[in-house]
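User: Could you walk me through a few features of this structure, one question at a time?

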Amino acid sequence: MRRLDRALIAGIIGLVGPLPFAQAQSPPILFHAVRLFDGHRIIPSTDVLVSGGLITRVGPGLAAPGALRIEGAGKTLLPGLIDAHAHVFGAALTDALMFGVTTELDMFTDHTFAAAKRKEQAEGGAAGRADLYSAGTLVTSPKGHGTEYGMVIPTISTPDEAQAFVDARLAEGSDYIKIVYDDGSSYGFTSPTISKEVLGAVIKAAHARKKLAVVHIGSQQDARDALEAGADGLVHTFEDSPPAADIGSLAARRHAFVTPTLTVNASVAGIPVGATLLADSAFARGVSPENIVTLRRTFTRRPGAKTNFDYALASVRAFHAAGVPILAGTDAPNPGTAHGASLHQELELLVKAGLTPTQALHAATAGPAQAYRLADRGRIAAGLRADLLLVEGDPSTDITTTRRIVGVWKAGKRTEREAFLTAQDAARRAGPPAATAGAPSGSEAGAVSTFDDGSTRAAFGGWSVSTDDIAGGKSTATITAVDGGAQGSKGALKIAGTIAPPFAYPWAGAMFSPGPQPMAPADLSAKKEIRFWAKGDGKQYRVMMFAASRGQMPLTQTFVAGPEWTEQVLALASFGGIDGHDLMAVIFSAGPALGGFELYIDQVSFR
């Protein structure tokens, strides 16, 4: 696959379908004399019989003529793991499955994407990837967290809107309601968030429809407000302050669960825990080049941030001591995380926070299945789905043993994990694109294009059309240098086309690549902002930046192109804190709103 295609498909839309890593049919399987973690406890030695995608019998000395016999000596059989906090797109669900994560609980993605995945699961066509359950569109305020990714999503401002807002999410197919209640202050920035009144009204509205309401929080006070409002669960823990003496008992009285996402808490605090996973070469074989980059990163710690990882660990100890159910979740694919792989690290961090290894295993199996009412999985018992993970060793004494994966089964079908590892080996040998040794020739002044000569010539790099057609979408775009630019200049770039259904993440527009070829990284670290003038049809547009160090995920800011020329000045740091040292592309794009569009840009420069 061309580098351009690979980056855009994996990054923007992430609709790379799962490869056929599972067998079409599986014979009955007998796991013989295996150490068993059944979701609650360890059984030193027993047999497990699987047939027709289900666990049919569990007990010693089972007879199963004709069954495929797998010897369990020295091995442990676990339920398929459940990641209780992820954000799913791209190859995420395939990556997850190959690391033994058979179910992911998504906390915000495009609802049409989630609906398509659930339909595929219902029809039995999801053998090569983890199952997905999703909150769909999250609940947030205008310009609040969740609106910064370039997806046009509904927002909420008043309590009176709560029931209709929740009902709309459920009509889209949300399995539960995820609410953002976080003003960013713990992380050194300011973000709009909903009021306590709206928080309470949304929780009440979800409960009126018998759905769970879980809350993203950023501070201990946020956690307290959410629990007092009746939240069913917190889908982060806090690290802005030591836990108060009553915070655990408050959660226990409210019968809430907590998904701490310690892997991300560490990353936010600037601790590169994700990189430690890569030290295990056998385990790291399954990590893609893009995910290697992401695992090595942490969030950029901002001035004024109140992030102390010891407080996060202490909060988990406080909740756990009070008897609050703790669930394992990663918040992948944030910096320092990767789907599948990072859940094994989350288990290790939960043990560091005070859980026993067996309790940590429960937090990634029966715990989330019970909390999210998934009655058919999370345990190894007769009649349940045969979602299974076989590992070498005993994770009840050494939690890192979960990384010694022997095999993964989903609905009784063994995944072709070795083929997956071989494919990842090849991808790693190709490697992610390397950054250029220096700034591209011609970039010193920062000017890119004025379009005054009637062409799309650039002082460095080049322009091209970029649309979702490379991934099966039907959006279209053209770019043309036209007369009449900003501030009375001679020319401008006209970008016109149509954003078309049914693609989940449609885009179409003009792409500027600063390097010698499309998507080749260029060093623009001497520049702090991108400037351009824009006018158009009054619609909202996106500027999407790609940086090699960000795992080829788009970093997005939006602007409205009205009928008059307006200068747009966007700091590079506003695109997720990038510094420009490995900038791969900038796309000026319409979408995801459907329909025709007409945008003009002029005097594009980096300063």
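This is a predicted model: local features need pLDDT of at least 70, side-chain atom pairs count only at pLDDT 80 or more; totals for chains, interfaces and linings use all residues.

User: Into which kinds do the residues of the contact of H11 with H12 divide?

Analyst: Let's start with who meets whom. From H11 come Phe309, Leu313, Val316 and Arg317, and they meet Leu349, Leu350 and Lys352 of H12. Sorted by kind, these contact residues are five nonpolar, no polar and two charged.

User: Is strand S14 mostly covered or mostly uncovered, and how many of its residues are buried?

Analyst: Strand S14 spans residues 405–410 and is mostly covered. Out of its six residues, the number buried is five.

User: In S14, which residue is the bridge partner of leucine 389?

Analyst: Strand S13, residues 388–392, pairs with S14 in the antiparallel sense over four bridges. Leucine 389 has its bridge partner in S14, and that partner is valine 408.

User: Which residue takes a positive phi in the hairpin of S14 and S15?

Analyst: S14 also pairs with strand S15, residues 413–414, in the antiparallel sense, over two bridges. Tryptophan 409 has arginine 414 as its bridge partner in S15. The hairpin has two residues between the strands, and the residue with a positive phi, near 50 degrees, is alanine 411.

Key. Residues are numbered from 1 along each chain as its sequence is written. Side-chain values use heavy atoms; hydrogens and water are left out. Contact means heavy atoms within 4.5 Å. Ala, Val, Leu, Ile, Met, Phe, Trp, Tyr, Cys and Pro count as nonpolar, Asp, Glu, Lys and Arg as charged, and the others, Gly among them, as polar. Buried means under 20% relative accessible area, exposed over 50%, partly exposed in between (1.4 Å probe, protein chains only). Two strands pair if DSSP finds at least two bridges between them.
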